[in-house]
Amino acid sequence: MHYLRSILFDAAVVILTVVVSLSVPFMALFNASSATVRAVSQVWANGILFLMKYVVGLDYRVEGREHVPDGPCIIACNHQSLWETAALCVIFPDASIVAKKELRKLPLVGWFLERYPMILVDRSAGRQALRQMVDEARRAVGEGRKVLLFPQGTRQAIDEPMKFQSAGISALYTNLDVSVVPAACNSGLFWDKKKLTMHSGIITLSFLPPIAPGLPRKEFQEKMERMIAEEAGRLLTVSEAKVSRRPPTR
């Protein structure tokens, strides 16, 4: 059943993407603003979560929302699946997400990312990439927007050791003078990056108390990594315990 639902979900996502992409020629013709591009992108992201809920049976809940300030800040979340990308776009519709520059090459997706605008980073460019990321993030913060970042750099399965590429988040923390809100989710329990099959259930996204600006770089880095790793571990332990207590299906 999970496999069939996953196939139906994939087919529905293709149809949704094609429908949303029909707006691209019109937005390009009339030089649509970033706000318009974000609004259309929200239709797609909300559609993804809608399909997850009603086709796959995969919903989510948010904990610790009170820890996220109303104004600009940096959200640093662990990365286990594509779910958190769509979910965070829905929860923070005006935020800029730091993503790898290679995504710009994807048909239609790249067009949306450039005009959202996302912060697209060439990870092979070293310090130059960090400077570019900081400059674009500073612009987003100046516009009153949040910046979203996955400090692991890529998706990691729940059975993999959690590794961080902290140069980017540390550069933002030390240069932008805004708080960093660590966050963790357990989406990998339901959507493993190694498999196409998705499972029904409830993903938990947990926001933790913000880290105020001003800490030494190394102290900040160690604190953020510890907070995310401990919360991700807690969410996995709680979820696995709930699963183990379920009565066997017949």
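## Close-up views of a predicted model

**View 1. Helix H4 is mostly covered.** In helix H4 (residues 83-91), 8 of the 9 residues are buried, meaning under 20% relative accessible area, with exposed being over 50% and partly exposed in between (1.4 Å probe, protein chains only). The buried residues are Trp 83, Glu 84, Ala 86, Ala 87, Leu 88, Cys 89, Val 90 and Ile 91. Helices (H or I, at least four residues) and strands (E, at least two) are DSSP runs, numbered from the N terminus. This is a predicted model, in which local features need pLDDT of at least 70 and side-chain atom pairs count only at pLDDT 80 or more, while totals for chains, interfaces and linings use all residues. Residues are numbered from 1 along each chain as its sequence is written, and side-chain values use heavy atoms, with hydrogens and water left out.

**View 2. The largest nonpolar core holds 48 residues.** Such a core is a set of buried Ala, Val, Leu, Ile, Met, Phe, Trp, Tyr and Cys residues joined through side-chain atoms within 4.5 Å. Met 52, Ile 75, Trp 83, Phe 92, Leu 205 and Phe 207 touch the most other members. Helix H3 (residues 34-56) gives the most to this core, with 8 residues. Another core, of 27 residues, lies apart from it; Ala 76, Val 121, Val 141 and Ile 211 are among its members.

**View 3. Leu 205 and its contacts.** Contact means heavy atoms within 4.5 Å. Neighbours within four places in sequence are left aside. Leu 205 then contacts Arg 61, Val 62, Glu 63, Cys 77, Trp 83, Leu 88, Ile 91, Ala 183, Ala 184 and Cys 185.

**View 4. Helix H1 packs against H3.** The axes of H1 (residues 2-21) and H3 are 10 Å apart, at an angle of about 160°. Axes are lines fitted to C-alpha atoms, for helices over the stretch in contact, and angles run from 0 to 180 degrees between N-to-C directions. H1 is therefore roughly antiparallel to H3; angles over 145 degrees count as such, under 35 as roughly parallel, 65 to 115 as roughly perpendicular and the rest as oblique. The crossing is right-handed. On the H1 side, contact residues include Leu 8, Phe 9 and Leu 16; on the H3 side, they include Trp 44, Gly 47 and Met 52. The contact residues divide into 14 nonpolar, 2 polar and 1 charged.

View 5. The axes of H6 (residues 127-142) and H7 (residues 167-176) come within 10 Å and cross at roughly 50°. This crossing is right-handed. Leu 130, Met 133, Val 134, Ala 137, Arg 138 and Val 141 in H6 meet Ala 167, Gly 168, Ala 171, Leu 172, Asn 175 and Leu 176 in H7. H7 is largely enclosed by the rest of the structure, because 7 of its 10 residues are buried.

View 6. Asp 177 sits in the loop between H7 and strand S6 (180-185). Its phi is near 60°. Asp 177 is exposed, with a relative accessible area of 61%. Most residues other than glycine have a negative phi.

**View 7. Pro 72 lies in a loop.** This loop joins strand S1 (58-63) and strand S2 (74-77). Pro 72 counts as partly exposed, at 30% relative accessibility. Not counting residues up to four places away in sequence, Pro 72 touches Val 141, Gly 144, Arg 145, Lys 146 and Val 178.

Conventions. Left-handed = near helix turned anticlockwise from the far one by under 90°. Nonpolar A, V, L, I, M, F, W, Y, C, P; charged D, E, K, R; others polar.
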